[in-house]
Amino acid sequence: AEFRAVNAQAQVVGTGGRALSSRPLHLAIGIFDGVHLGHRAVVESAISSARQCGGAAAVLTFDPHPSRLFRPESPTRLILDAGRRAQRLLALGADAVITQPFTAEYASMEAEAFLPELRRQLPMLAAVYVGENWRFGRGRRGDVAMLLASGQAGGVHVFSAPRVSLDGEPISSSRIRALLERGELARANSLLGYNYGCEGIVTPGRQLGRTIGFPTLNIPWAPELVPCLGVYVVRVRAPGDGDWLPAVANYGARPTVETGAEPRLEVHLLTECPFFSGAFLEVEWLRFLRPERRFESLDALRLQLNRDCEAARAEFSLH
């Protein structure tokens, strides 16, 4: 039930060994940060083919991002951490997600050895699925043409999915990162194919919001990619409980009441709040309302928060 490559043990989530050892394996390969619509074209091709032939579908991804190794001074900031990425991939229908540690040893593998090593570790490997611009192996020498040739020699089918475009531009993780950093949440969500979100445990705060009539749920959250600081329309639920509750959230450093603070997520529900400290919550971000700013007084802040809540109520058609 274990997958190893170049002596580095990978993590397998999902049905694990049963899926990887008992049926023809269709394997989607990539980093898949964000699991956006372009990534889904690759992953869903593997899942569809596996279902048609009674095989298993798995995803091979990598952690940390290769930039941590090659550009440690300016690594790529990820939209999703490894855990949430695996959740998204399993939700698409993959039987298992293999997360391969991206180490210096792994990065030194020659491109010609990549597919034979996969076949050795995954004997049931029948087909691999990648994006058309995917690169692999030492020095990124491997490309789809090399993978096709290696697959023909080893009896593994290779499928290359063309890039998916929206609004005349290819969908990419870097494009989505830029949109999130600019607060263009609606466009980012359209490229992701789902609502950007986060999750965390409610922790006690200073309860300053209660003093001005806006109690909040404080959810510590420190993403690699920091979205635009400001106020958002969101919805909240406890995973598994079903119903989403409408809310407005501030993700920022709270400059009116604090100085030099780290960004924090504070959520104010527009309905009665059933959650307490210690609750594990999922938050989906629906629309960006305004950037964070410093107000001259708590009264000015209160007036603006009233406007924010009215805008959020309109979003949910609440009166």
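A disulfide, for what follows, is a pair of cysteine sulfur atoms within 2.5 Å. Keep that cut-off in mind, and keep in mind that this is a predicted model.

Cysteines, then. The sulfur of Cys 273 has its closest cysteine sulfur in Cys 309, 13 Å away, and that is too far for a bond. Cys 273 itself is partly exposed, at 32% relative accessible area. For Cys 228, the closest cysteine sulfur belongs to Cys 198, at 15 Å, again too far for a bond. Cys 228 is buried, with a relative accessible area of 17%. Under the 2.5 Å rule, the count of disulfides is zero.

Next, helix α2. It covers residues 37-53, which makes 17 residues. Which residues of α2 are buried? They are Gly 38, His 39, Val 42, Val 43, Ala 46, Ile 47 and Ala 50. As a reminder, an α-helix has 3.6 residues a turn, so residues three or four places apart point the same way. The buried residues of α2 pack against several elements: the strands are β4 (25-29), β5 (56-63), β7 (125-131) and β8 (157-161), and the helices are α4 (82-92) and α8 (173-182). After α2 comes Gly 54, with a positive phi near 75°.

The largest pocket has a volume of about 1,100 Å³. Helix α2 takes part here too: the elements giving two or more residues to the lining are α2, α3 (67-70), α5 (104-107) and α8. In total 39 residues line this pocket, and those nearest its centre are Ile 31, Asn 133, Trp 134, Arg 135 and Arg 140. Sorted by class, the lining has 18 nonpolar, 13 polar and eight charged residues.

Now some backbone geometry. Most residues other than glycine have a negative phi, and most peptide bonds are trans. Phe 32 has a positive phi, near 60°. Phe 32 sits in the loop between β4 and α2, and it is buried, at 4% relative accessible area. Asp 167 also has a positive phi near 60°. The loop that holds Asp 167 runs between β9 (165-166) and β10 (169-170), and at 59% relative accessibility Asp 167 counts as exposed. Pro 64 lies in the loop between β5 and α3.

Last, one histidine. His 157 belongs to strand β8. Is His 157 buried or exposed? With a relative accessible area of 54%, His 157 is exposed. What does His 157 touch, leaving aside its neighbours within four places in sequence? The contacts are Ala 126, Ala 127 and Val 128. As for distance along the chain, His 157 and His 268 are 111 residues apart in sequence, and their C-alpha atoms are 51 Å apart in space.

Technical notes: Residues are numbered from 1 along each chain as its sequence is written. This is a predicted model: local features need pLDDT of at least 70, side-chain atom pairs count only at pLDDT 80 or more; totals for chains, interfaces and linings use all residues. Side-chain values use heavy atoms; hydrogens and water are left out. Helices (H or I, at least four residues) and strands (E, at least two) are DSSP runs, numbered from the N terminus. The expected span of a helix is 1.5 Å times one less than its number of residues. Buried means under 20% relative accessible area, exposed over 50%, partly exposed in between (1.4 Å probe, protein chains only). Contact means heavy atoms within 4.5 Å. On a 1 Å grid over the protein atoms alone, a cavity is a set of points where a 1.4 Å probe fits but cannot get out, and a pocket is an open set with protein on both sides within 12 Å along at least five of seven lines; lining residues have an atom within 4 Å of a point. Grid points are joined across faces, edges and corners, and a volume is the space filled by probe spheres set on the points. Ala, Val, Leu, Ile, Met, Phe, Trp, Tyr, Cys and Pro count as nonpolar, Asp, Glu, Lys and Arg as charged, and the others, Gly among them, as polar.
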